[in-house]
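This briefing is for a reader meeting the structure for the first time.

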Amino acid sequence: MIKRFTLILITLFVVQKAKTQEVYWPANSSEINTGSNATYLVQSVNLGGESAPIGYNLGAFYTNDSGQLLCAGIASWSGVQTNIAVYGDDNTTPEKDGFSEGEQITWLAYGTSLGQTYEASVVLGVGPTGPGSEIYSSNAINIITEFNIDPITETLIQGCTNQEACNFEVTAQEDDGSCEYASEFYDCNGNCIDTDG
């Protein structure tokens with residue numbers, strides 16, 4: 001009873017604290033299947049130090065050529081052990097559509113009831129192919145003993161937050177240093193601005 005009450009309090013705190021992150025979550029792994037993958041067996045999921053209720057999607061994200069986080073592995077948490085197929089880049093296509101060998105995995109979780117994305121971390125155990133790793137390697141089998149969802153740390157949308165910049169992003173919550181400005185006497189489209197008549 002106390003654990004359930006604690007989870008309710010954490011959920012209420014999350015509603016007050018978390019901000020919506022605009023990260024695309026695929027409906028299932030068939031949307032992101034590139035053929036090669038690594039397997040991550042998830043034994044337990046925690047939310048704020050307590051066992052997480054069902055209703056969370058667990059995701060492995062990579063950085064694409066444009067610097068955006070994209071999902072390359074997803075599983076729904078239903079309260080029992082599950083696995084995440086984390087897909088590698090399909091080198092027959094020009095764009096990066098999965099993990100490169102040796103690339104660090106970014107873990108995120110999505111609360112379906114609140115529509116929120118949260119940062120996450122994992123505790124890895126020893127699997128059939130050796131010690132688990134958050135570095136992508138095709139055909140590896142990894143065991144996640146704990147998938148920990150952080151209900152307080154919100155994943156902020158990064159981008160240019162200066163309204164005077166040419167690439168100002170209305171949805172950006174944290175400035176990432178990418179602001180670009182027009183040259184003196186020119187507008188953002190490169191048109192000359194007549195300042196002296």
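The points below are grouped by topic.

This is a predicted model, in which local features need pLDDT of at least 70, side-chain atom pairs count only at pLDDT 80 or more, and totals for chains, interfaces and linings use all residues. Residues are numbered from 1 along each chain as its sequence is written, and side-chain values use heavy atoms, with hydrogens and water left out.

**Overall make-up**

- Along the sequence, the pattern is α-β-β-β-β-β-β-β-β-β-β-β-β.
- Of the 197 residues in the chain, 36% are buried; buried means under 20% relative accessible area, exposed over 50%, and partly exposed in between (1.4 Å probe, protein chains only).
- Among contacts with a separation of 6 or more, 59% are between residues 24 or more positions apart; contact means heavy atoms within 4.5 Å.

**Aromatic pairs**

- There are six aromatic pairs in the structure. Rings of Phe, Tyr and Trp (its six-membered ring) pair if their centres lie within 6.5 Å, with planes under 30 degrees apart counted as stacked, over 60 as edge-to-face and the rest as tilted.
- The pair of Trp-25 and Tyr-110 is tilted, because the ring centres are 5.7 Å apart and the planes stand at 40°.
- Trp-25 is in the loop between α1 (2-17) and β1 (37-42) and Tyr-110 is in strand β7 (residues 106-111), so this pair ties together parts that are 85 residues apart in sequence.
- Trp-25 is buried, at a relative accessible area of 12%, while Tyr-110 is partly exposed, at 24%.
- Tyr-40 and Trp-107 form an edge-to-face pair, because their ring centres are 5.3 Å apart and their planes are at 75°.
- Tyr-40 belongs to strand β1 and Trp-107 to strand β7, so the pair ties together parts 67 residues apart in sequence. Both Tyr-40 and Trp-107 are buried.
- Trp-25, Phe-61 and Tyr-110 are linked into a cluster by ring pairs.

**Asn-46**

- Asn-46 sits in strand β2 (residues 45-47) and is buried, with a relative accessible area of 14%.
- The side chains of Asn-46 and Asn-148 are joined by a polar contact of 3.0 Å.
- Leaving aside neighbours within four places in sequence, the residues in contact with Asn-46 include Ser-51, Glu-146 and Asn-148.
- A polar contact is a pair of N or O atoms within 3.5 Å; within protein, one must be able to donate a hydrogen and the other to accept it, and residues adjacent in sequence count only if both atoms are side-chain atoms.

Definitions and conventions:
Helices (H or I, at least four residues) and strands (E, at least two) are DSSP runs, numbered from the N terminus.
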